[in-house]
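Here's a quick briefing to read alongside the model. Have the sequence and the 3D view open as you go.

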Amino acid sequence: GQLVPATIVLEPVEALWVPREAVLDLGLDNIVFVKERGVFNPNRVTAGIRTGGWVEISQGLSSSDEIAYNAQYLVDSESFIKTGR
């Protein structure tokens, strides 16, 4: 029943971090909307750690991709999201 002070040391890993609002959690899939030729298209990504309003993206996104800050604004309540990738 006592608290024990501890320190956890982890090796730094380089990753892409995006705002939590940019990732749409569909249960089994995580989606971000990537801007391609002026249009935002859904793109399946692999999300990792979530901390402090940010989400680590380990696969499915490159550092040069432009994404929508808030994925919820791009989803119609009656639409079904299909990813091309």
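In what order do the elements of the protein chain run from the N terminus on? They go β-β-β-β-β, with zero helices and five strands in the chain. Helices (H or I, at least four residues) and strands (E, at least two) are DSSP runs, numbered from the N terminus.

This is a predicted model, where local features need pLDDT of at least 70, side-chain atom pairs count only at pLDDT 80 or more, and totals for chains, interfaces and linings use all residues. Residues are numbered from 1 along each chain as its sequence is written, and side-chain values use heavy atoms, with hydrogens and water left out.

**Confidence**
- Mean pLDDT (the predictor's confidence in each residue, from 0 to 100) is 87 for the protein chain, and 88% of its residues reach 70 or more.
- Confidence is highest in β1, at a mean of 94, and lowest in β2, at 90.

**The sheet**
- The five strands make an open, antiparallel sheet in the order β1-β5-β4-β3-β2; two strands pair if DSSP finds at least two bridges between them.
- β1 (16-19) and β2 (24-25) are the edge strands, each pairing on one side only.
- Two antiparallel bridges link β2 to β3 (residues 30-36), and Leu24 sits opposite Ile31 in β3.

- Of the 85 residues in the protein chain, 21% are buried (under 20% relative accessible area; exposed is over 50%, partly exposed in between; 1.4 Å probe, protein chains only).
- Leaving out residues up to four places away in sequence, Val18 contacts (heavy atoms within 4.5 Å) Val23, Gly53, Trp54, Val55, Ile57, Leu61 and Ile67.

**A closer look at Asn30**
- Why does Asn30 count as buried? Asn30, found in strand β3, counts as buried because its relative accessibility is 14%.
- Beyond four places away in sequence, the residues Asn30 touches include Val23, Leu24, Asn43 and Val45.
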